[in-house]
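The exercises below go through a few local features, each with a worked solution. Please read each task before following its steps.

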Amino acid sequence: MSAPAVSVPSSSAHTLRNAVIRLAGNSQDGIQSIGGFLARLAGRTAQEVMTYMTIPSTISGGPSIFQVHLGSGEVLTAGDDADVLVAFYQHSYDSHISALRNGGICLYDSGEVTEIKHERGIHYFGIPFTAATVEALGGSARDRGKNMLVLGLICAVFGLDKDKLVTIVSRQFGKKDESVLRNALLAFDAGYAYQIGDLEKFTFVPGEAQDANRISTDGNQMLSLGLLAAGVRYGSAYPITPWSPIMETLRSELPKYGGVFVQAEDELAAVSMAIGAAFAGHLAITGSSGPGISLKQEALGYASMAELPLIVVNVQRGGPSTGLPTSVEQSDLMQAIYGSHGDTPRFVLAPKDVEDCFYIALEAGRIARKYSCPVIILSDQALSSRIEAFTEPDVDKHWVEPSLDLSPRGEDFRPYPLDKTTRHAPPGTKMAAGKYPHISGLEHDEWGHPSGNAKMHQEMTNKRRQKLLDAAAEFPLPEIHGESAGDALLIAWGSAWGPVKEATDRLRSEGYHVGAANMRHLHPMPNGLEKIIAGYKHVIAVEMNDSGAYGFGQLAMLLRARYADPKIKSVCKTDGLAFRVREIVTGVEKHLAAN
Amino acid sequence: MSTAIDTTTAAPVAEKLTKKQLIADHPTWCPGCGDFAVLAVFYKVLEKLQIPQEKIVVVAGIGCSSRFPYFMNTHSLHFIHGRALPLATGISLSRPDVHVFVFGGDGDGFSIGGNHLNHAARKNIRLTYVIMDNFVYGLTKNQTSPTTPIGRKSKTDPVGAIDRPINPMKQLLASGATFIGRTHATQVKHMDELFTRAIEHDGFSVIECLSECTMFYPGAFDDGNPRKGGAFDVIDEKQHDVKDDVAAFKLADLPSPGKFGVFYQVKRPTKNELEQRWIDDSQAKLGGASQKDILKKRFEAMR
Ligand SMILES: Cc1ncc(C[n+]2csc(CCOP(=O)(O)OP(=O)(O)O)c2C)c(N)n1
Ligand code: SF4
Ligand SMILES: [Mg+2]
């Protein structure tokens, strides 16, 4: 939280630009809904927001946190340290008090948390969450509804827009039984009116994001809606965390658009069904996470060989193997590019934030159609579930109407012309010459007939590779945040972008000359990157994967392979958590100090 | 229009489909391979049924038998080993206007693709699937297959197969397929009749066709070939109720060469039909809103 600090309790109201609130409890306490309501409110009050949560991978629940970073200006991370900790249990307190900054505020359930350490100037306010909720709702409610009580407390402490918050809550609970909404609002009001004692009240300076239609949602939602806008109507997948919400959304939404999403028996079937729909002439999608993406690799290689358009979403999670299903990692970049046997050209993109999940889907659709080739979108667990607020996309502007070209093909039609990009004639198309195309995973000639001819294999390899070369020439260069020359260029991809951008600002405020670039187009990389890199003493790829045998992360390896420049270095980590700004700053400073 | 994309083509011109039009490359199979006869009968049946050439889609996985698509002058796709059924599912569900045919071997269908068979069958995907069963891996040159009888020697079972082979008919009955037949590549008339009935069946129709691998397993099906002294014993549908799966199970238990013909046939809604019903219901509720407006409304609700 930037100045002014919250450290001194007083009766006067403080104004804030941003605040980080960490809610720590058990997953069944509904702390995600508190966070969700706050995030949605931010979207409606012209604020920026970023959330972060941990989910136990067991169904029965368990310790869980939801962190909300609210800001009147730009919010790039979920926050390194919390300004406010809300502890539901002793274990929540014990595990998370270290995440609270010096002088921060700790609100805790005085019926649950019995041992607190008075240290680091932390201000404690014990409130009987459970007892107060029971008092508000009557005995039968027990502790259900205490999340709403806490929401009321937070609303009062931060002087949030109560009317708007109540509207959001009502919209959510209004779908259910009447009594559910009544109880929720009773608990909320009890929290709002609770006399916390000697705690100052805060107010946020007015939000700066004054644009009209702001929405707040998570990355999986935006990716799903982006796919719909991109004209995707058919797909198939198998459930896996954190990919599943995308397939659930598509399965529920696609019938409205006349499409079908199939829950397949496994990932091999899922990718095969999607390839079937692609062959049938549609822009199709499959997706998964971790293990499921490994299973799809053979068929993905087929799609490159047969030159079929396909979108593949990988919501990356911690690996290897079953790994950390509910944690963030970016360790599938090499797999995305090189995961299948043989030389299999395909495209790899990564969204930089929740909003960009929508636009990356459109870009994936554009590329898949243009080059008749698989496109892999590398999202990640952090983007999948965190909530951000931003301007609603202009659907009119971006809408792609799905189409199927069944017009008869002329005498000169060939499925695999050596001198042109493949444009398949889907089933249903009449062939004027009476000769029908074969789609093949065996190396083939221009007609798709199997061919083991050495020259033909070389020529077809060239043809398939040419797509990457053409795309590299066409892809836009990343914009530079900060300085366009100087001590270091930080390169990020995926969800690492937010913290990298903030770390860049912090390094600059410390006097370093630093710029930052985000790679949306990871493979192929856009031509001209070398000119950007030339301006800096160090080029540091910041990514959540392991530095491996040679001391470099996966993007750093690719950059080194492409530019053969020893000034390309890495800041890597794999602790299952999103980058803290501080970690990036320290990592970069180490490289800068080394020479 | 209820589906996502309009699949109606220009007004159909009455062109007659001939067998000749359907012939593509000369098959690369070994001389005498049973698969030739299957191909020849398929040409004939298509000619008989007069399915428009551009609406015929032939797909396969990998194997000798799975080379089938290259020999068809129709829209065709040669996929990867064992995954032809899910691929065909993707085509069938997204293109109600085309006819999907899948051809493949016993390894492709019952081994590497075994699980896909179960699921395509239970979902009752509208397509026709012919398993050209030669009791051996032909393309990879004589390894044991899931239908290889116990005791038969192969490169991977030099002292004879020891694993119990699957019983294709029982497997298919358990899978939930709605049309299940069995035929023999030397019995051209029977193949013709069975293929025709399978194609006319609205749902997942599957046929096991015993097709000899003359290269690696010659004589494997002589006991079902009257010309070689065997018995081609066709199911009498006056005696066998094709809707009775228990009776079909009993028929499937007969020792080699067993019975030929339709073991089972029932009518059950296809997934194609059920998905379309959901689409129609969803769209009816939206009162004819354009797809673009549906997405816009969705965003509005998120404000
Ligand atoms: C993933 C994979 N594994 C193994 C193979 C090698 N392979 C190709 S065909 C085949 C077996 C073919 O047997 P079957 O399906 O019975 O067909 P047939 O050749 O007998 O007609 C095998 C093992 C492959 N192509 N792909
Ligand atoms: S190896 Fe056997 S199955 Fe393959 S083509 Fe030859 S005879 Fe037919
Ligand atoms: Mg075989």
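**Exercise 1.** In which loop of chain A does A:Pro242 lie?

Solution. A:Pro242 belongs to the loop between strand S10 (234-237) and helix H8 (244-253) of chain A, where helices (H or I, at least four residues) and strands (E, at least two) are DSSP runs numbered from the N terminus. The peptide bond leading from A:Thr241 into A:Pro242 is cis, with omega near -5 degrees. This is a predicted model, in which local features need pLDDT of at least 70, side-chain atom pairs count only at pLDDT 80 or more, and totals for chains, interfaces and linings use all residues. Residues are numbered from 1 along each chain as its sequence is written, chains are lettered from A and ligands numbered from 1 in the order in which they are written, and side-chain values use heavy atoms, with hydrogens and water left out.

**Exercise 2.** Identify the residues that coordinate the magnesium ion (ligand 3), and locate them.

Solution. The donors (N, O and S atoms within 2.8 Å of the metal, or 3.2 Å for Na, K and Ca; water is not among the atoms, so sites may look incomplete) come from B:Asp106 (OD), B:Asn134 (OD1) and B:Val136 (O), at 2.0 to 2.2 Å. B:Asp106 sits in helix H4 (residues 106-112) of chain B, whereas B:Asn134 is in the loop between strand S4 (127-133) and strand S5 (136-137), 28 residues apart. B:Asp106 is buried (under 20% relative accessible area, with exposed over 50% and partly exposed in between; 1.4 Å probe, protein chains only), at a relative accessible area of 2%, and B:Asn134 is buried at 10%.
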